Amino acid sequence: MSLDFVKVSRGEGSDPYEVAHTIALNALVTRAKSKGELLAHLKTRGVEDDVAQAIIFRLQEAGLVNDEEFAKAWAQSRHNHKKISKRIIAGELRQKGVMQSAIDEALDEIDDDSEYRSAFDLAFKKYNTMSRLEPEVQVRRIQSLLQRKGFGFGTISQVLKELDLLNN
């Protein structure tokens, strides 16, 4: 390894914009990131705020950072694979620094039927593993699971009725 490579990798004697650009690109290799996540990552790596903002702008212009697309992909992935409610997804996106307008747009793509179907599929899978338990225990466990995933009381009640676990 040459001494020049070590200097560049540490950011010594090189352009701070190029160092920040390299840090940002390396961060984007593992998965897409929101503008807020990338800004926080650059700050933890010691990049000054004005340099970080310029690099993020450059990456947005190149199409490598797009909060709207990130929010849509994140919401669909979390909803389809983890069966997480829109409420929880919105909170995750807020933590990642995504603007509310992009969050709203991403969540609009998940309709109420899809949200209910996710809750039901999750509950049905759990229900199939509890055949030997008392109905009260089944209700309590399914209710807890759906609450942890962020589903509301109305959705949980509907799922329990459809599974024939509620007498009403």
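This is a predicted model: local features need pLDDT of at least 70, side-chain atom pairs count only at pLDDT 80 or more; totals for chains, interfaces and linings use all residues.
Figure 1. What joins the side chains of Arg 78 and Glu 92? The link is a polar contact of 2.7 Å. Leaving aside residues up to four places away in sequence, Arg 78 touches Lys 83, Ile 84, Ile 89 and Glu 92.

**Figure 2. Lys 83, in the loop between α5 and α6.** Lys 83, one of the residues that Arg 78 touches, belongs to the loop between α5 and α6 (86–95). Look at its backbone here: the phi of Lys 83 is near 55°, a positive value, although the residue is not a glycine. For background, most residues other than glycine have a negative phi.

**Figure 3. Helix α5 meets helix α7.** Here is α5 again, now with helix α7, made of residues 100–108. The two axes come within 8 Å and cross at roughly 40°. That angle makes α5 oblique to α7. The crossing of this pair, α5 and α7, is right-handed. Which residues meet between α5 and α7? From α5 come Asp 67, Glu 68, Ala 71, Lys 72 and Ala 75, and from α7 come Ala 102, Glu 105, Ala 106 and Leu 107. Sorted by type, the residues of this contact are five nonpolar and four charged, with no polar ones.

**Figure 4. Helices α3 and α4 side by side.** This view pairs helix α3 (residues 35–44) with α4, and their axes come within 10 Å. The axes cross at roughly 140°, and α3 and α4 are therefore oblique to each other. The crossing in which α3 passes α4 is right-handed. On the α3 side you will find Lys 35, Leu 38, Leu 39, Leu 42 and Lys 43. These meet Asp 49, Ala 52, Gln 53, Ile 56, Leu 59 and Gln 60 of α4. The contact of α3 with α4 has six nonpolar, two polar and three charged residues.

Figure 5. How many salt bridges does a search of the whole structure find? The search finds eight.

**Figure 6. Helix α8 packs with helix α9.** Follow helix α8 (residues 112–127) to where it packs with helix α9 (residues 135–148). Their axes are 10 Å apart, and the angle is about 140°. The two helices, α8 and α9, are therefore oblique to each other. Is the crossing of α8 and α9 right-handed or left-handed? It is right-handed. Helix α8 brings Ala 119, Leu 122, Ala 123, Lys 126 and Tyr 127 to the contact, while α9 brings Gln 138, Arg 141, Ile 142, Leu 145 and Leu 146. Seven residues of the contact of α8 with α9 are nonpolar, one is polar and two are charged.

**Figure 7. Asp 164, after helix α10.** We finish in the segment after α10 (153–162), the place of Asp 164. This residue is not a glycine, yet Asp 164 has a positive phi of about 65°.

Technical notes. Residues are numbered from 1 along each chain as its sequence is written. Side-chain values use heavy atoms; hydrogens and water are left out. Axes are lines fitted to C-alpha atoms, for helices over the stretch in contact, and angles run from 0 to 180 degrees between N-to-C directions. Helices (H or I, at least four residues) and strands (E, at least two) are DSSP runs, numbered from the N terminus. Angles under 35 degrees count as roughly parallel, over 145 as roughly antiparallel, 65 to 115 as roughly perpendicular and the rest as oblique. A crossing is left-handed if the near helix is turned anticlockwise from the far one by less than a right angle, and right-handed if clockwise. Contact means heavy atoms within 4.5 Å. Ala, Val, Leu, Ile, Met, Phe, Trp, Tyr, Cys and Pro count as nonpolar, Asp, Glu, Lys and Arg as charged, and the others, Gly among them, as polar. A polar contact is a pair of N or O atoms within 3.5 Å; within protein, one must be able to donate a hydrogen and the other to accept it, and residues adjacent in sequence count only if both atoms are side-chain atoms. A salt bridge is a side-chain nitrogen of Lys or Arg within 4 Å of a carboxyl oxygen of Asp or Glu.
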